[in-house]
Amino acid sequence: MMHTPASMVTGIVFAPLGLVLVFTAAITPQWREGQARLGTAAPGSLLRLGAKGQVVGGRSGPVEALLLVRSDGLWESCLQVEHSELRQCWPVAGLYQRDPRVRLAQGLVLTSLFLCGTGIVLACIGVRCWTDIPLRGVAASGGLLVMMAGLLSLTALGVYTHNLAKLGVNPNSKVTNPRLPRLTLHPAGSLYFGWLGSCLQVLGGVALLFSFKRPRCHTCPSRPELPACPACRTCPEISNKTDMDVYEVSC
């Protein structure tokens, strides 16, 4: 019975899942998040977000604290009033955009996405069934690229997480304004998507790397000098067996 090796199946499943999760993390603006109480507002008051998240508008009445949620991604930042539909996003700018650690994370993630996509294409070519047996070298080369992509994503996530509270902050500026709300930043959802996707990429790449290991083949009793894979078809003692330990791709 012809079948695809389990390592190839694992790699060809995990690699695309990891790519989708890392891509989702890259384009969403929830790498870090923080909340701040900006002021007071009347319940049911009319508010709107101005330029770059400025909250303006309102009317008199009983007041309550206004809680703002600030979130940053690699290419976009957002500001939202909690428990409302008021939300505004804009491309990253200023010190955050120019921070070398943010730029490093951007470059690593983009490189990771490219390598993972290329690796998946190679893995598909190596596993597909237009040949009698899988192209093990091609599939394993794709696995190497996928594993490298996962490691690059993990590096980007590690750099960002380690410096999360320092990104976009001028270390030489020690001036603080007590009238401004204090924003405490913490990891957000996109980081967790990225960690999970990167781990899946590494696992998928390692699984595909097992393609370098050649399968254990039967030998032909009448012709022991020949391997039985794929020469087993010419060996009557083995070709008549229904349960053969031969790794081939089923179409």
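**Exercise 1.** Determine which handedness the crossing of H1 and H3 has in this predicted model, and how the two helices are oriented.

*Solution.* H1 crosses H3 in a left-handed sense. For the orientation, take the packing geometry: the axes of H1 and helix H3 (residues 100–127) lie 10 Å apart, at an angle of about 155 degrees. Angles over 145 degrees count as roughly antiparallel, and H1 is therefore roughly antiparallel to H3.

**Exercise 2.** Identify residues that make the contact between H1 and H3, and classify the contact.

*Solution.* From H1, the contributors are Met 8, Ile 12, Ala 15, Pro 16, Leu 19, Val 22, Phe 23 and Ala 26. H3 supplies Val 109, Leu 113, Cys 116, Gly 117, Ile 120, Ala 123, Cys 124 and Val 127. Sorted by class, the contact comprises 15 nonpolar residues, one polar residue and no charged residues. Gly counts as polar.

**Exercise 3.** Classify the aromatic pair of the structure and locate its two members in the chain.

*Solution.* The structure contains one aromatic pair. Its members are Trp 31 and Tyr 160, whose ring centres are 5.0 Å apart and whose planes stand at 70 degrees. Planes over 60 degrees apart count as edge-to-face, so the pair is assigned to that class. Trp 31 lies in the loop between helix H1 (6–27) and strand S1 (32–41), whereas Tyr 160 belongs to helix H4 (residues 136–162). The pair thus links distant parts of the chain, 129 residues apart.

**Exercise 4.** Decide whether Trp 31 and Tyr 160 are buried or exposed.

*Solution.* The cut-off for buried is under 20% relative accessible area. Trp 31, at 1%, is therefore buried. Tyr 160, at 0%, is buried.

Key: Residues numbered from 1 in each chain as written. Predicted model: local features only at pLDDT ≥ 70, side-chain atom pairs only at ≥ 80, totals over all residues. Heavy atoms only, no water. Phe/Tyr/Trp six-rings, centres within 6.5 Å; stacked < 30°, edge-to-face > 60°. Helix = DSSP H or I, 4+ residues; strand = E, 2+ residues; numbered from the N terminus. Buried < 20%, exposed > 50% of the residue type's maximum accessible area, 1.4 Å probe, protein only. Axes fitted to C-alpha atoms, helices over the stretch in contact; angles between N-to-C directions. Parallel < 35°, antiparallel > 145°, perpendicular 65-115°, else oblique. Left-handed = near helix turned anticlockwise from the far one by under 90°. Contact = heavy atoms within 4.5 Å.
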